[in-house]
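This briefing goes through one protein model by topic. Keep the sequence and the 3D view open while reading.

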Amino acid sequence: MKYIKNTIIPFLLLLTGILMISCEDNNPVNPEEEDKKEKEAVNQWIYESMDNWYLWYEEMPEKSKLDFSADPSTFFYSLLSDKDGKNSYHYSYLTNTEENTRSVSASASYGYQYTRYVYGYNDNDVCYLRLLYVVPGSPAEEAGLKRGDFISRINGTELTNANYYNLANSNQEAIYTLIRYNGHNFEETGEVVAIGAARTVEENPYFFDTVYTRPDGTRVAYLMYNSFSMGTDDNDTDDRTYLDEMVTVFNRLKAENPTEFILDMRYNPGGYVVCAQHLASMLVSQSEIGNMFVYTKYNDKYPENTEYKFVDTGVNLDLQRLFVIGTAYTASASEAVMYGLAPYMEVILVGQQTEGKNVGSITIDSDAYPWSLHPIVCKLYDVNHTSDYAEGIVPDYEINEIDDYYPWYEFGDEKEILLSYTLGIIDGNIPATTVASTRTGTGLFIADSSVEQKKVKGNIILSQEYE
């Protein structure tokens, strides 16, 4: 009897297991169905968020015509208006937070920005990279690379339109071959530079500042400002390291008693509006504190505007006019500073026509899905209720530094072409409104720049400013 009891129990357990497996087999999990359900749920959240906040929500396709089973990225971009961005480049975008977290190389950098020159646009056409600037404390600086250097080869491989990006962004140790422009053409010099592996590099937006004393005794402050960043981590809006440092920088400049100011934003793609507000407040006449700088206007679901007034930061230069150095890379909050200050003081732009980004974005996070949305939600206006710079701000004095091959000087050097030109205007030696290029007989064309990858997709509005 004991033998029978011990045999039946294991048999019953085995039978139960077989039945459970049989039931599971009758209701198998379909990975494709599960993936479709997840995409539909994510896309429903995307649609509802965009329908609520998007500046051009009325131009989104009809809901019945949308494919909610599409990849979230594809679905998101299918919603966007033709007014969103320029040249097939949208200002609104979305990010996968899981991919951003996993990406180790996303923040790694050699510590330089470049512009690319090409002989043609076929894949095998040769190209050169010219360094726009080198970040202090970076692998590039440690290697001895300088602003203006031309790179023709990496690890012995000649750069072409097809291979340059991967070679320049390998993040590994590398050997760069440099070439020089002799005033007529480029020549190999045999000069090579060994650069260390890319790593996380802090790029402080206050790149360089100083005060010059001109021949007539005029004191001219100069600030090279590269981004409207709140702090070292732009994803952490509680980090106000750089915003707080702005006061320190301006106190240092004010101590030299300048009466003129040159704000160099030639490579500044913009950033947080609150940074622009504080910067403008330190430049404008002291009597204007409390008046309107700019305001944002949302879609008709949010009739309340967000106002940014000149604030008392504890330091003010009380200026009557401002000189700005800008280029086609100057955008967003950089333009807001110029446009918002123009009703109160003379703003003189030296360089090129700016991008023309008079819109603002917010970040919408999801607690349920690993996605963040960054849609354009508002337009910026000045105190006169105008926003007429969608095509960019036209320079008062047009100069294209990228067309100049030889030589380039470091920022702050009085021989540097854009700075030299601006100082000449202040000195009363007003040159021609256009500077001729030094390009002669090289056959090169300007293709693009790594600075474009830093573009901020619209002025960034903090959540506490619109909620």
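Strands β5 and β6 (157–158) are joined by two bridges and run antiparallel. Strands here are DSSP E runs of at least two residues, helices are H or I runs of at least four, and both are numbered from the N terminus; two strands pair if DSSP finds at least two bridges between them. The model is predicted, so local features need pLDDT of at least 70 and side-chain atom pairs count only at pLDDT 80 or more, while totals for chains, interfaces and linings use all residues. Residues are numbered from 1 along each chain as its sequence is written, and side-chain values use heavy atoms, with hydrogens and water left out.

- β5 (residues 150–154) is mostly covered, with four of its five residues buried (buried means under 20% relative accessible area, exposed over 50%, partly exposed in between, with a 1.4 Å probe and protein chains only).

**The six-stranded sheet**

- Strands of a sheet pair through backbone hydrogen bonds, either parallel or antiparallel.
- Six strands form an open sheet in the order β10-β11-β12-β15-β16-β21, with mixed pairing.
- The edge strands are β10 (206–213) and β21 (397–398); each has a single partner strand, so one side of each has no neighbour in the sheet.
- Within this sheet, β11 (residues 219–225) and β12 (residues 260–264) run parallel and are joined by five bridges.
- M224 has D264 in β12 as its bridge partner.

**Helices on the sheet**

- Helix α9 (residues 333–341) lies across β12, β15 (321–326) and β16 (346–351), and runs at about 145° to β16.
- Helix α10 (residues 417–427) packs on the sheet and touches β10, β11, β12, β15, β16 and β21, with its direction at about 160° to that of β15.
- Contact means heavy atoms within 4.5 Å; axes are lines fitted to C-alpha atoms, for helices over the stretch in contact, and angles run from 0 to 180 degrees between N-to-C directions.
- Nine of the 11 residues of α10 are buried, among them I417, L418 and Y421.
- After α10 comes G428, which has a positive phi near 95°.

**Aromatic rings**

- There are 34 aromatic pairs in the structure (rings of Phe, Tyr and Trp, the last by its six-membered ring, pair if their centres lie within 6.5 Å; planes under 30 degrees apart are stacked, over 60 edge-to-face and the rest tilted).
- The ring centres of Y110 and Y112 are 6.1 Å apart and the planes are at 5°, so this pair is stacked.
- Both Y110 and Y112 are buried.
- A cluster linked by ring pairs holds Y117, Y119, Y128, F150, Y181 and F186.

**Charges over rings**

- R130 lies over the face of W408, at 3.9 Å from the ring centre (NZ of Lys or CZ of Arg must be within 6 Å of the ring centre and within 35 degrees of the ring normal).
- The charged end of K301 sits over the ring of Y57, 4.3 Å from its centre.
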